[in-house]
Each structure stands twice: as C-alpha cells, then as structure tokens.
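The following paragraphs lead the reader through the structure shown below. Please keep the sequence and the model in view while reading.

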Amino acid sequence: MTSLNPSQQQIVEHMEGPALVIAGAGSGKTRVITHRVAHLIEKGIPPSSIMMVTFTNKSAEEMLRRAEGLIAKREQINQIVSGTFHSLANRFLRRYAPLVGHEHNFSILDEEDSRDVVRAAIAECISKSERKFPTAAVVRNLFSMAFNKNVPIAQQVEKESPWLMDFLGELEALHTAYGKKKRENNAMDFDDLLANWHLLLTTKPDLELAGRIRFIMVDEYQDTNSVQAEIVELLARQHRNLMVVGDDAQSIYGWRGANFANILRFPDRFGGEVYRLEENYRSTPNILALANCSINNNTAQFVKNLYSVKPEMEIPRVVHVYDQQQEADLVTDQILYYADQDIPLRHMGVLYRNHMQSAVLQLRLTERGIPFMVRSGIKFFEQAHIKDVVAFLKVVFNPLDEIAWLRILKMLPGIGNTTAQRIFRIFREQQAVRLSPDNEALTKAVPAKAREDWLRLAETLKALIREGVTPTEMIDTVRQGFYHDRLYSSFDNAGEREAELKYLGEFAQKYRSLERFLGQLALVGSTVVRDYDEETQGDEDYLTLTTIHQAKGLEWDVVFLLGLAEGQFPHARCLEPPERLEEERRLFYVGVTRCKRYLEIYVPLVTFHNGMSEICRASRFVEELPEHVVEVTKAVGLENLQSRVSRRRELSVDF
DNA sequence: CGCGGAGACCTTTTT
DNA sequence: GGTCTCCGCG
C-alpha cells in the first residue's frame, strides 16, 4: 500500500479536538499516526509540540522508524516528543525530580533491583516471625499490581491474593518502608516513574511539558492502564487535541492492569469523533478467516468486520508434532524451504507464548547456520556480569544507589551482606566522602581479608569519576581492571562473558552521557537482546524470533506460531477466569494477524513441565477452528505416537 | 559473619 | 535447568 485510503486520509487530516480511532489488525493504525504527524508538521505545527506515545518499546521504535520515512528533515524528527510512557516519564522527571522528593540523578530500579530493595525493607522492618512471610518477589509483584490497577494494597490482596490476608498489616507497613527506602536511595521503580509523572501533572499543571504539547497521539490505547490513561488526559487537558488509536481485539496486557474499557469510555469523557478502520491491508483472506473464527469464540468481544483486500492464497497449516525438538526441526526445514522460494529471512517471524519456547529452536538454527535475531528472550543486560559492571557506573551517577553499592562491595572477598551494609551506612552518613572509599572510618570497617581489593576498588572508582570519562571508557576500565580477576574466578564461562562485556562497551558508544546510557539500559535495554549469531550484523538478512507480546505492530510474510498446546498456550494459569482465557485468545489473534501470507501453527504432543515430559492436548485455539480454515497435517511418524507415549508414561520413563 | 552446599521451589506475558 | 533459602562449618 503506497497511499492512504479515504478513511485513513480523513483521520490524518482531522485537525482539532479529540478523536478515537478503533482499528482492526493490519488496517494501518500506526501508519495513520505517523502520517498524521507528518501532516501536522507540513501544516507548520512545530514538531516539539507533537507527542507520539505508546506502551511498549517495540511499538515506540516502530512508530519512530516509520515517521522517519515520511519526514525529510532529521532535526524535525528529533524534536517530536516520542516514546513509551516510561521513557517520557523519565525525560520529564529528570528535569523536575526535586519536586517529587528526588534528585535529578535518581536511579531507575529494574525488576530485580526492586526486589532487592523490598528484600532489604523486609529484613529491616519485619521481625523474623513464626509465620512464613511472602518472598520479596511476591511482595513486589503485589505492590506493582495494586499500582497498575490503581487500587489500595488491601484491595489487591483481598481480591487477588486472599491467602495473604493474614499479612495485611505487615504488607502495608512494608509498602511504606519500601517507599522510604527508595527515597533514601534516590531511586524510582517503574511504577514510580508513572506515579510521579502523574503527581506532577496533577499538582503542578503549569510545568513545561503539559503546556507545550499541543497534539497528542496515543498508539495501542487498549493497552494503557488507568494511570497511563489519566496521564494522557492530563496532558491533553489544555489543548484537547488528543487522538487515541486502538483495537479491543488486541488487548493483551490486562494482566498488568491494562483496561480496554479505557477505549469505550473515551467518547463519554472526551467526546469528539469516532473513526473505524476495518479494511485489512496485511493478510490474505484465508488468514483473516482463521483470525475471525478464533476471536468469535470470545463473548466479551465487539464484533468487528475485518476484510482483506488481497486475493485468496494458501490455507494456513496446522502441524502436529511430537515435541519441541521435532517442532524445531520442521520449522527449520520450512524456513529453508521458504528461503528457497526467494523469501528473505527478514520477512519470516517465529512467534511464541514464552521465551523458553524458543530455546530449542535457537540451538537448531545455530546448527543449521540460519542467522536470527531474538527480540525477546534471555535478557542480555540483566545477566550477573553485566549488572556487576554497570553497578560501578550507577554509583558514579547516583552515589546514594544502595543496591549498586552493595553489589560492588559484596564482590570483595570477606565482605558479605552485613559488612557491605555497614560500610554503606558509614558512607552515607559521611555524605562529603562521596566517592573516595580510601577514607579512615570506612577502611576500619573493611575486614583485613578484603583490604587489598578495597584499595584496588578505591583506585578504580577514582578513575571513573575523572572529568569527561565516557560510559564506554568506564566499562572498559572496570572490565580490564577491577572486575577481570573476579570474572575469571567466579564463572567457568568467563571468556564468553568477557566478550559480552566488550559488546556492552561497544553498545555504550552510542551514549555520551551516563544519564542517557543508564536510562536506556533500565528502560529499553532490559528487552534488547543481543543477536546470537555473531555474523548477524548491519544489513545482513536474519530471521526474527519473538514473543507474541512483543510482536505487536509488526508483520511478516511467513509466520510460525509455536507451542500451541493446552497448558502452554493458553497458559495453564490463564484458563480461569474467563476474562483471562479470552485475553489468551486475543493473544492468539495477535499472533495470527501478524502474518501476511504463509501461516504455520505447530502443535506439540509432548511438552515439558517441571522438568518432566507430559502429554498434552492440542490447544483449544486450534481445536475450535472449523475444518475449512486450516489444513491439518501430522509430522512423519506421529500416527502411532499417541500409544507409544501412553505406554512410556505407564512405565514412567523419562524421555 | 562469610561462604559453600543441599534442598525447595517455580519457570507467562512488560516497563 | 535455574534461582532462592536455609543450614552448618570455618
């Protein structure tokens, strides 16, 4: 599609007031937004007064990439206020942090860091009682859920985790302690970014951002939670030029508080035009038929009439396979088959429900020499050695970052949790000391065993705080100096890890300031995954592997959907209540509608569960499809497998 | 108080 | 298969 159709054009030219765009998969949602932004700029609206916001990093990247294709002037693109809610919150708060009780150089806690802070708070304020207190992970998750749904802790516990009712008092005390600790450490977690942004917009409506933004475009509006929706409303309060775009059928973040009722409420709250886009430009009619049949099994879905403008093509395939190994084999074969048909690898995507489902395939692809890029999986920047080195940069940036300090201190032999905390406390009391640990009071707290390494640490830190040191230089300094021995003594694959640290240094070259680099790492980096194939560089052709959640907004000619087994997809935890299951079905819908031409769905007979193989049934999402929309095949040798599997199971042989 | 080993426990999806 | 927790030794 090269030009806009009339209904898209109409939306693009919609100049004033609120507008809601309800648009099906493949109907050009993001396209409408980017064209509209280009249109506004053409009309002379300053780019710096236009905001494009969305929920995930991937869609934010995609949005900006597409805008680049439409707007000639580089500096105009750079001026557009564009990103995820979290990245925009970060930008805004860097400037105004003192108004919410933080310094400008606040740290951003990732999920693991947050858990550590919660753990520390538990240790401090909950006495070891007879009762077994929930783990830090459970507590943190609870806090986050309550925030995302915008309800008090008590209500969240009562509704979703009644087994924690006994701990209600402790949990509330802990929540306070957690907040206090974050303030002491000059740190915000992901939720605080939004909460504080929201707070500023409410209490200081005259701050720069809200007034300057005249046009707001929100993509994937069905994925916003109530806090995000309110932020948008507050930003648009003055000029009311708010356009939200979404598709209730693609709402897949309900589990973290997203509420597609936000879409429904929009006309009541804002009024304005409602547009619908139902023409699908992406998929063949055969794929859409499958998608429509599937989504019609949802009762809480608005009927949508997606129709394709493309000619009929191949029927989507459902392939029954034995297990993940065979699945990986067959998918690899098919990838090579399509490659022979002159379909480049970059037009093929492999999608799955959870990261682990891709592990076997990654191995197979490597063996067969197919270059690929994992868009989501093992989180590269969250591995221990990466975090170890980054901790040094964090304390340079924010000397109050307790988590990072403790991490560093505990690397010294003879220093464990207790000593590390004692040292940190002394350090914090003597604010003036800042980054020079070769200080008397501190040195006294260091056990003799660690004395030598302590001096080396002091030296390293001194080198890092010199004026004008770039993030890359810092990383290299730590890697070659202080961290080198530790790396080789504590990991058996130290060589590999060192190579990854070198890569981290290269990655950091894009960032001159520590603030930008650390921000990137915390907000975007956690999902950036390094390409596994070393040769996958630059413009080389590679296959994409991704979770369905992160595939939203993307499209491929060939799509492989893996692991359509009951319990995996839909996931065992999402069978109840019905809303959960319907969200899973929407997830399937999202996966299917990523595909332009050739869709292959794989159904394994055996899956892994708790380290054991288990027979499972085909996913209901496949079973409930009418015969005419798919072509079902069984992998070679599968005919007798059912009985073979049952027999093995009786003998309880592990296979 | 650090540290290593043994055992329990969970392993959805994202910022 | 990997992380988190607990326990006992030095």
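By class, the surface near DNA strand B comprises six nonpolar, 20 polar and four charged residues. Here Ala, Val, Leu, Ile, Met, Phe, Trp, Tyr, Cys and Pro count as nonpolar, Asp, Glu, Lys and Arg as charged, and the others, Gly among them, as polar. This is a predicted model, in which local features need pLDDT of at least 70 and side-chain atom pairs count only at pLDDT 80 or more, while totals for chains, interfaces and linings use all residues. Residues are numbered from 1 along each chain as its sequence is written, and chains are lettered from A and ligands numbered from 1 in the order in which they are written.

In total, 30 residues surround DNA strand B, and the closest are His86, Phe190, Asn354, Gly416 and Thr419. A residue is near a molecule or strand if its C-beta atom, placed from the backbone, lies within 6 Å of it. Two helices, α3 (57-70) and α19 (417-429), each supply at least two residues of this surface. The most is given by α19, with three residues. Helices (H or I, at least four residues) and strands (E, at least two) are DSSP runs, numbered from the N terminus.

We turn next to the sheet. Six strands form an open sheet in the order β3-β2-β6-β7-β1-β8, with parallel pairing; two strands pair if DSSP finds at least two bridges between them. The edge strands are β3 and β8 (273-277), each of which pairs on one side only. From one strand to the next, the twist averages 15°.

Within this sheet, why is strand β2 (residues 50-54) described as largely enclosed by the rest of the structure? Five of the five residues of β2 are buried, so the strand is largely enclosed. A residue is buried if 20 or more other C-beta atoms lie within 10 Å of its own, exposed if 12 or fewer, and partly exposed in between, with C-beta atoms placed from the backbone. In a regular strand the side chains alternate between the two faces of the sheet. In β2, Ile50, Met52 and Thr54 lie on one side and Met51 and Val53 on the other, and both faces are covered.

Strand β2 pairs in the parallel sense with β3 (residues 81-84) over four bridges, and Met51 stands opposite Val81 in β3. With strand β6 (residues 215-218), β2 also pairs in the parallel sense over four bridges. The bridge partner of Met51 in β6 is Ile216, while Val53 stands opposite Val218.

Both faces of β6 are covered as well, by burial of Phe215 and Met217 on one side and of Ile216 and Val218 on the other. Three bridges join β6 to β7, and these strands run parallel. Ile216 stands opposite Leu242 in β7.

Elsewhere, two helices pack against each other. Helix α7 (residues 136-149) and helix α8 (residues 153-160) meet at an angle of about 105°, with their axes 9 Å apart. Axes are lines fitted to C-alpha atoms, for helices over the stretch in contact, and angles run from 0 to 180 degrees between N-to-C directions. The helices α7 and α8 are therefore roughly perpendicular to each other, a term that covers angles of 65 to 115 degrees.

Key. Angles under 35 degrees count as roughly parallel, over 145 as roughly antiparallel, 65 to 115 as roughly perpendicular and the rest as oblique.
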